[in-house]
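Okay, thanks for making time, everyone. Let me put the model up and walk through a few spots in it.

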Amino acid sequence: MFAVLLGTSFNAAQAEESVSTDVRTATLAVENMTCAMCPITVKKSLTNLEGVIDADVNFDHKTAKVVYHENSVSIEQLTKATTNVGYPSVVSK
């Protein structure tokens with residue numbers, strides 16, 4: 001409706017494609033998690049970064065699966081965020 005009012009065309013498929021082309025997923029191996037509160041702290045450190053869409057932290061596997069916009073946040077920023085709260089991480093192979 002707004003596109004019609006503005007005299008422009010709007011293609012939802014194109015808009016969705018342009019928004020999602022920079023979305024990536026990384027799995028981080030996270031050290032030092034020893035209790036049930038650790039994953040909460042790690043998740044908060046990651047999701048507080050601009051560009052992170054979601055973080056799923058698994059205590060049993062000592063991993064964090066992070067969905068993020070690569071144009072907004074880097075892998076280095078992700079690992080630095082966890083390290084800064086006491087849980088060093090590296091990209092899992």
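D56 sits in strand β2, residues 52–58; strands here are DSSP runs of E, at least two residues, and helices are runs of H or I, at least four, numbered from the N terminus. Ten residues along the chain from D56 is V66, and their C-alpha atoms are 6.5 Å apart.

Quick housekeeping: this is a predicted model, so to speak of local features we need pLDDT of at least 70, side-chain atom pairs count only at pLDDT 80 or more, and totals for chains, interfaces and linings use all residues. Numbering runs from 1 along each chain as its sequence is written, and side-chain values use heavy atoms, with hydrogens and water left out.

Next, H69, in strand β3, residues 63–69. R24 is 45 residues from H69 in sequence, yet C-alpha to C-alpha they're 6.2 Å apart.

Now the helices. α3 (residues 38–47) and α4 (residues 75–84) have axes that come within 9 Å and cross at roughly 140 degrees; the axes are lines fitted to C-alpha atoms over the stretch in contact, with angles from 0 to 180 degrees between N-to-C directions. That makes α3 oblique to α4, since under 35 degrees counts as roughly parallel, over 145 as roughly antiparallel, 65 to 115 as roughly perpendicular and the rest as oblique. Where do they meet? V42, S45 and L46 in α3 against L78, A81 and T82 in α4.

Definitions and conventions:
Contact = heavy atoms within 4.5 Å.
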